[in-house]
Amino acid sequence: MFDFEKRLPDLGKQTILCIGDVMLDEFIYGDVSRISPEAPAPVIAVTHENVIVGGAGNVARNIASLGAKCHFVGVIGHDLAGKTLKSSLARSKGRIVPHLVVDPSRPTTRKLRFVSEHHATHLLRADWEKARPVDFKVESALIKQALAAMPRVGAVVISDYAKGVLTPRVIRAVIDRAKKLKKPVIVDPKGHDYAIYRGATIITPNRKELADSTRMPVGTAAELSKAADSLSRLVGSKAVLVTLSEDGMMLQARNADPVHVPAYSVKVVDVSGAGDTVVAVLATMLAMGADFESAMRAANASAAVVVGKQGTATVSAAELRSRILPSATLAPEEKIVFDWRELERPLAAWRAQGLRIGFTNGVFDLLHPGHVKVLAQSRSLCDRLVVGLNSDASVKRLKGKDRPIQPEHARAEVLAALEAVDLVAIFEQDTPLELIKRVKPTVLVKGGDYKPNQVVGREVVEAQGGEVILVDLVKGFSTTRIVEKSRATKSR
């Protein structure tokens, strides 16, 4: 199975070819509070506008937002919308390499949406387009551009919005060359005759598109699997990925059992362009050698990110990583501080929010229930808990040459994985006094085996108006006793 933690950083090393129907997406946002006196229509008080590259161009944008590179092939008109689209692609800092064919006989496809910002509702959409096949000359130019770029890419995306760019001749030329070069081809289909995509590696219809293209029922999981298998055989693909909106996704690979992944539980703001994000992530994952199931899981996670954003949105590698990896995996890089200069940013943010910052410290060599309870109690006394952790050198001075059992990195990672801990700061000194002066906690917490006047840093905290609180310990648990008992057992 694909190792997401180790391999996701490689997303930015990939190069993808995307060919399809590009369009200009315009969003006008505002508040609707009344009906027009001129006609029974809502009046939108415009607050802001957003103009972005959409359609197949949004696939390219998502590939670029992952840090990867995209060679993008499409058609624009000889008009202002085409110029706007071209200049927008040029702002990608080289991550999108546009190969745009200008067709003066057709307008650049443009979609204008009016959105009620308060209710997150689309009120009206206006389209400028000529959804007809491009002529032979434009077809030839598209094919030339796509085939020239193909040797430099790791995967190919065919993003079909049925606006006329992806004619059977164009599709055939692209898929045939990709197969010769052993490049995976990902198809986001349109229409009813999916036979034109024959030879694709994987095709990504939604539930309705699957039903329409196969003329088969898709109401149950078994029906979905059967229809997807039928489509796979029709297209000659290795797999079919069916997107199911709030029901997640289903993967039907050839001669394999179907795999279903549920959708993430998120607040849906706008589904515009979510399919583009899915194929972009799918292609980038397959380019780096991921298996179909792993690629689907990454695509499913990315969809959960973009539907929570306004408009035709993209997903970054960091957003994908934080969604797909468990929080405990991400905790070390987010919570552990070795350089105290890095403390100021989170501490300043917490203070700006008026949060109560707590502090406790220890060696935490072999984490046991006593430690967990002290940390949980400490966190209950504040809004954010900083844990000071003795460095390896500090532990050796305090506990002897045979300690610590675990190095500081390992001890820090275990602490960071705990929900009660918000930040772990490692200190080299024998006491945490200098760290406490840096953190300036509101609450200083220690175990009940201390007396208030024995707590290091008490004067500092109290002088700043903070307080020292002692919490009860769990009897019977001690790292020293655990170590001694283990050594005694081994010596028998």
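Is R215 buried or exposed? R215 counts as exposed, at 74% relative accessibility. My cut-offs: buried is under 20% relative accessible area, exposed is over 50%, and partly exposed is in between (1.4 Å probe, protein chains only).

Ground rules before I go on. This is a predicted model, with local features needing pLDDT of at least 70 and side-chain atom pairs counted only at pLDDT 80 or more, while totals for chains, interfaces and linings use all residues. Residues are numbered from 1 along each chain as its sequence is written, and side-chain values use heavy atoms, with hydrogens and water left out.

**Whole chain**

I find 18 helices and 19 strands in the chain. Those are DSSP runs numbered from the N terminus, helices being H or I of at least four residues and strands E of at least two. The C-alpha trace spans about 85 × 70 × 45 Å along its principal axes. Of the 492 residues, 50% are buried. I also looked at contacts, meaning heavy atoms within 4.5 Å. Among those between residues at least 6 apart in sequence, 70% join residues at least 24 apart.

R215 sits in the loop between α6 (207-214) and α7 (221-235). Its phi is positive, about 55°, although R215 is not a glycine. S245 also gets a note: phi is positive here too, about 55°, and S245 is not a glycine. S245 lies in the loop between β11 (239-243) and β12 (249-253), and is exposed at 62% relative accessible area. Why did I write these down? Because most residues other than glycine have a negative phi, and most peptide bonds are trans. P404 belongs to the loop between α14 and α15 (408-416).

**Helix α6**

What caps the N-terminal end of α6? N206 does, with a side-chain oxygen 3.1 Å from the backbone nitrogen of K208. For such polar contacts I use a pair of N or O atoms within 3.5 Å; within protein, one must be able to donate a hydrogen and the other to accept it, and residues adjacent in sequence count only if both atoms are side-chain atoms. Just after α6 comes R215 with its positive phi.

Inside the helix, E209, L210, A211, S213 and T214 are buried. Their cover includes α7 and β11. I picked L210, which counts as buried at 0% relative accessibility. Leaving aside neighbours within four places in sequence, L210 is in contact with P205, V218, L224, A227, A228, L231 and V242.

**Nonpolar cores**

I define a nonpolar core as a set of buried Ala, Val, Leu, Ile, Met, Phe, Trp, Tyr and Cys residues joined through side-chain atoms within 4.5 Å. The largest has 61 residues, and F72, I186, I202, M285 and L320 touch the most other members. Which helix gives the most to this core? Helix α8 (residues 274-287) does, with ten residues. Another core lies apart from it, with 41 residues, including L17, A149, I203 and L244.

Beyond four places in sequence, the contacts of I202 include V185, I186, V187, S237, A239 and V240.

**α9 against α10**

The axes of α9 (residues 292-306) and α10 (residues 317-324) come within 9 Å and cross at roughly 110°. So α9 is roughly perpendicular to α10 (65 to 115 degrees by my cut-offs). R297, A298, A301, S302, A304 and V305 from α9 meet E319, L320, R323 and I324 from α10.

**K396**

Last entry. K396 is in helix α14 (residues 392-399) and is partly exposed, at 42% relative accessible area. Not counting residues up to four places away, K396 touches K401, R403 and P404. Its side chain reaches the backbone oxygen of K401 at 3.3 Å. From K396 to G191, 205 residues apart along the chain, the C-alpha separation is 70 Å.

Terms used. Axes fitted to C-alpha atoms, helices over the stretch in contact; angles between N-to-C directions. Parallel < 35°, antiparallel > 145°, perpendicular 65-115°, else oblique.
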